[in-house]
Amino acid sequence: MKQWQKLWEKEKVSAWVQIVLGCVIGALAYPWFLVPNHIAPGGLTGLATVLNYLFGLPVGITSLVLNVPLFLIGYRSMGRAFAFRSLVATLLFSLMIDALPLEAATTDPLLGALFGGVLLGAGLGLILRGGATTGGTDMAARMVHKRFVHLSVGTILFAIDCVVVLLAGIYIHLEYALYAFISIFVSTQVINVVLEGLTTEKACYVITAQYEQVKNELMEEMNRGVTLLSARGAFSGDERPVLLCVISAQEVARLKAIVRRADAKAFVFITDAHEVLGEGFRRLTEE
């Protein structure tokens with residue numbers, strides 16, 4: 001019981017460290033790169049950047065005010081713990097944007113879009129990994145992802161933010177709106193890297209008459225689990241299991257060698273598995 005309690009406490013500490021670190025990194029993007037170059041990278045914070053450009057309103061506080069309705073929705077749909085974490089993350093993120101006394105790192109809008117997107121994506125990715133959002137469109141993206149799990153959070157964010165930037169382009173110069181698209185694209189890619197990792201495991205499917213030999217060698221030589229999927233050939237009508245084995249990218253050559261040794265005419269196809277959780281890989285934990 002004490003062991004589970006320690007594990008739970010460790011996970012909570014890890015989540016809060018990621019949230020705070022993400023808030024700091026993401027907030028740096030605004031005074032350093034985005035606000036000085038009038039780049040509104042989508043979302044409510046992007047909308048706040050437009051309002052700053054038009055009326056001089058502080059980006060952080062304005063974003064915080066705009067987030068209130070979404071938090072009311074998020075609290076109902078995502079649960080108390082998620083809403084509380086997100087509330088703290090939004091407060092930290094918004095206040096840090098206005099509070100960090102930083103000079104612009106560059107007045108080149110292209111550099112601002114690129115490096116601002118990297119910092120913003122890294123920050124938002126860490127916050128999402130910590131089980132929170134900073135409100136705005138990333139909260140909406142998280143809610144959509146919970147219902148449509150096949151769509152990544154980064155992809156949903158990209159779609160929503162593109163619409164926001166198109167609307168924002170009406171009030172700012174078209175050139176700055178184009179830079180904003182660059183920033184959104186970069187931040188989306190970085191979010192996906194932070195959430196899913198740089199390396200990808202491989203899901204390998206093997207169809208062979210020698211499936212027993214291949215199965216045994218994969219389990220014994222590579223120490224990997226193998227799943228037998230029931231399948232029937234459409235042309236022949238024969239029943240023949242499909243072997244499914246998830247391995248690291250570095251182990252693909254060994255798997256091919258095992259299959260080739262058993263059956264040179266085997267049919268193999270390999271796909272990317274961006275996030276693998278469970279025995280032999282990363283531990284399955286609640287986000």
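Analyst: A salt bridge here is a side-chain nitrogen of Lys or Arg within 4 Å of a carboxyl oxygen of Asp or Glu. The model is predicted, and by this rule six salt bridges are counted.

One of the pairs lies within a helix. Lys 215 and Glu 212 form a salt bridge with an N to O distance of 3.0 Å. The two residues are three apart in helix α9, residues 211-221, so about one helical turn separates them. Lys 215 has a relative accessibility of 16% and counts as buried, because buried means under 20%. Glu 212, at 39%, counts as partly exposed.

The side chains of Glu 221 and Arg 261 meet at 3.2 Å, N to O. Glu 221 is partly exposed, at 42% relative accessibility.

A further salt bridge joins Arg 224 to Glu 251, at 3.1 Å from N to O. It also links distant parts of the chain, 27 residues apart: Arg 224 is in the loop between α9 and β2 (227-229), and Glu 251 is in the loop between β3 (242-247) and α10. Arg 224 and Glu 251 are both buried.

In general, side chains of opposite charge can pair when their charged atoms come close.

Notes:
Residues are numbered from 1 along each chain as its sequence is written. This is a predicted model: local features need pLDDT of at least 70, side-chain atom pairs count only at pLDDT 80 or more; totals for chains, interfaces and linings use all residues. Side-chain values use heavy atoms; hydrogens and water are left out. Helices (H or I, at least four residues) and strands (E, at least two) are DSSP runs, numbered from the N terminus. Buried means under 20% relative accessible area, exposed over 50%, partly exposed in between (1.4 Å probe, protein chains only).
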